[in-house]
Amino acid sequence: MSVDKGQPLMEACDRFVTWLDRRVVAAGRGDGLQRLEVAPSGTFWLGRLSRLVGKDEDAGGANDDRSDRLDPCAIGIRLRPAESSPWSMTVTVRARAWVKDSKDGPEPDRPWWRTGLVEEKIPVVIGASGGAFGAKQLQDAFSAVGAPGLSAEVCVEVEDWHKQPELVVQLVNTSPKSGRGLTDPHLYETQLEVAGLLTVPFELEALPDTFRYDRKVPAYGINVGVEVVAPGVFRTTDTVSVQTFRPEYWNSDRPKPDLSFARLAADPIPVLTDLVDALDEYDQKHWSVAALDTRQLADGWSDAMRAEADRSATLVFDELARLRAGLDLVRTHPEIRRSFQLMNEAIGLSAKGRGYHSWRAFQVGFLLSAIRFLAEPAEEADHVDTVWFATGGGKTETYLGLLLTAAFFDRLTGKRTGVTAWSRFPLRLLSLQQTQRFADALAGAELVRQQQADLRRTAPFSLGFLVGQAGTPNKIVPKPENDETGPDSPGMPDKYQVLLQCPFCRDERLTMKFDRKRWKLEHHCANQACPWKRGALPIYVVDQEVFRFLPTVVVGTLDKAASIGLQQAMRGLIGPPQQMCSEEWHGFTYSTRSKSPNGCLVPDCQGTLLELPMPEKRFGPSLRLQDELHLLRDSLGAVDSHYESLLDHLQHKLCGTRAKIVASSATLTGYDHQVRILYRREGRVFPQPGPRAGESFWSLPEDTKLRRFVAVAPRGVTLEHVSDRTLDALQRCVREMLDDPAKVCVEAGIDPSHAEELISIYGTDVVYGSTLYDVEAAGRSLGSNNTVDGINVEQLTGQTDFDEVRDILERLENPEEKFEDRIHVIAASSMLSHGVDVNRLNTMVMLGLPLTTAEFIQTTARVGRRYPGLVYVLHKIGRERDAQTFRHFDKYVSQGDRFVDAIPITRRSRRVLALTMPGVVAARVLMLKEPASKQRLSTPAKLRQYAHDAGLTPADEAAAVTEVLGLDGPEDSLHQQQIVEWVQEWFADLHDTASKARFIGEIGSPSPMTSLRDVEAQAPIHD
Ligand SMILES: [Zn+2]
Ligand SMILES: [Zn+2]
């Protein structure tokens, strides 16, 4: 192959991927081999055809549908002829055979040899009843290459049970089981080609949303893929390859406005106006009645499809109106405008030195579409705004932009301190990298705040880290017992370092310190030139410090919401604390307890109490963010729906406000239903999908390659065998590049100067299984079953320890000097699908399709993040769903989002209600009743007295719980009864002076949940 001098790396990557794929397919088919020591039928998984088992043969059942797919005896092409019968065409058959020498053959160690190519053109003319062709011709051809006894034929069936006739052209292996000179009745490297027939394409059925998609399919393969190699020439392929391309984030004839942080900080209105005008023009061009009329005619839309398109157009113009309104607010509302500008300045600072200095258009679009919640918080809280975008598009930065805008707006309008936003991630998905991004953005904002004369006297912008389960300590106690942490506990304080580098200066020299006087676990930056001059960095990683200082943004895991029913100081996350401690750095105070007699959370505090620095009502957060919304499903979704309602209820009671909810999601299907169930608000998604699949105003595919997906339907051998062999071939290729770069570069057409980098970029393969069982089996068999020596395998699953994960990620990011020391294969489960962003992962072998399309999309997005990726999707072809997907594989990849299944979620699970009620009742005591009582209600005795004095009744409490959870409809009578019964028992327990309960959390049974994960993670839940 010719190589251009100065070939760009991306081009070299693309050629290397093509070469890798060619080699893997060759390993599957046997191309290029001359001899084998073992039987080819146990080795090859592509291109082979087993023999047609006759009806009178007893061979474990004739070829039924399923076994036909697992080890097919035919491959074929389904076509729709354009004209009526008779039909004529030329069918070309290509195949080879493998023959075993007799005992005295020339190479007794490698007795199997591969024949020359059989390539026969067979003329076919058929009428309505079809026919079989070429039997004699093919039999003779196999004899001629040295494989006598093999036979095959081209069989054409006419099916007319659809509206139009369809032709099924197949190559069938008709060889006998045994015969003279016949050593293996399989055919290998088979291929079928049809030419000379005029055809019309198939049309995919009309599904909702169909108007967006190209429904034309030129031909269907049977047990294979089909490519159209020239007009009217259809050829089978052993694998189905689909190439995707990186998006370009601007799709307008108008020039892209300058959306740099600097420009938007200085003078936002002109560029924002240009952006909205360009969107307006695009929407008119594609979504106006006239535009839709034209498309309806051209694409043959049915009335239902048109109605669907009209509905979408309404949503698109609503979105345009929201952006216009957002633009008007930035123009006319001084605080909003200034917040937006300061946010841009801050993001500009935090992005410094990272190679980007401007927004993508959709990011600014989202900010404009959502910004109205600052001006009309009550009205806008009725809607959940969700950023929906392909992974890697910059979602996190987008909502960091919104978050900083809100933080500045809060400060400019009198919220001098306290939490602006609580940002939640599903468990295990909040990585340190993600936390760092939050810290960086806030550090940028803090530097900007310091320069604003009117904001200097407000609290510094700060970050809180609030995660459940063994992340960082809940509190630090002077004399630790059991699993408590004290200042001198093992690992303190270094073990709790959360930041990877200083968010102000990027210096990695961070030190951890526990300040006994301030009772604070601190991050310190060692850089003398750091712009942060105030000692400890403004990040709080201990729960109690989060409550004491109420940082501007709290980032954490979703499960932590359960603390609202356990921990009275959680009140700071939904409303006002009690007071402030007079001691410097002690912070806010809460209800008193025996260990904090004045309400200050610092042990043995002697301080007095001061008034809060701002009105109580301003303490409620402005925003709750939810990352990866689509994962809130099944039992987790059900439990969270109750806790979300509880948070809303408490904030409303304490502050009279409701937080705006903003989410990000990878999927759209059933989104509005999910939002309604989870949050009892209306869903709104940004951006609206464009007029055609994969294309909108905000993005369209450009020429740079993203991922090559290769569908494989293994034949005759196990999936594990194919996975081992595929990984083996990939590793063999990279080692060839290592050993003889000159040869490989010539073969693949690569500039040799890229060789070393390619070895790094493609030297680590991922094998992905949906179940732990699959992953472990893959890891094990690779160790024992490969032809390449020294493959280093590591596992990344939910079972892998956090330390180990960090270590593996570190090794992936910064690989060892010598190739042989590196990780060569990562065997991973869905744990990989979130937050693992490693540019060196670029090849993947997928063991069967994941259960959900969302998982498919997210998982495969882990490879090819910067360089072209290669993904082998090994189908478990015996399963109906895998077989269906194989048939539509190109549509599955290119239109993946419409294959995403609706999200199963309900708030009416009675099993879940039994788990959540205790938390609701306990939280109402801690957050509402205790502060209102002006006394300590921490023990059953005190609460009993208060309940008596205040006249609390089970009926009132049950009614309140029912209302909080939105289970007050006539269809919820069973739930209401369940609540009444439980609350009655709770009161009975409360009034039982012989009760063993020491704390209010111990009244009633069960106790409040300690984590939202107390339910079995993804168990299906029903109403
Ligand atoms: Zn620093
Ligand atoms: Zn104090």
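Predicted model: local features only at pLDDT ≥ 70, side-chain atom pairs only at ≥ 80, totals over all residues.
Local features need pLDDT of at least 70 and side-chain atom pairs count only at pLDDT 80 or more, while totals for chains, interfaces and linings use all residues. Residues are numbered from 1 along each chain as its sequence is written, and side-chain values use heavy atoms, with hydrogens and water left out.

**View 1. Strand E17 and its two partners.** Strands (E, at least two residues) and helices (H or I, at least four) are DSSP runs numbered from the N terminus. Strand E17 covers residues 383-388, and five of its six residues are buried, so the rest of the structure largely encloses it. Buried means under 20% relative accessible area (1.4 Å probe, protein chains only). Two strands pair if DSSP finds at least two bridges between them. E17 runs parallel to strand E29 (residues 682-686), with five bridges, and Val387 stands opposite Phe686. Five bridges also link E17 in the parallel sense to strand E28 (residues 660-665), where Ala663 is opposite Thr386.

**View 2. The largest nonpolar core.** A nonpolar core is a set of buried Ala, Val, Leu, Ile, Met, Phe, Trp, Tyr and Cys residues joined through side-chain atoms within 4.5 Å. The largest one has 94 residues, and Trp359, Phe408, Phe438, Leu521, Leu537 and Trp698 have the most contacts inside it. Helix H12 (residues 395-412) supplies the largest share of this core, ten residues.

**View 3. Surroundings of Trp359.** Contact means heavy atoms within 4.5 Å. Leaving aside neighbours within four places in sequence, the residues in contact with Trp359 include Leu259, Phe261, Met343, Val364, Glu397 and Gly401.

**View 4. His975 in helix H28.** His975 lies in helix H28 (residues 973-991) and counts as buried because its relative accessibility is 4%. Not counting residues up to four places away in sequence, His975 touches Arg908, Arg910, Leu913 and Leu967.

View 5. Strands E31 (residues 765-769) and E34 (residues 843-847) run parallel and are joined by five bridges; Met844 is the bridge partner of Val766.

Terms used: Chains lettered and ligands numbered in written order. Buried < 20%, exposed > 50% of the residue type's maximum accessible area, 1.4 Å probe, protein only.
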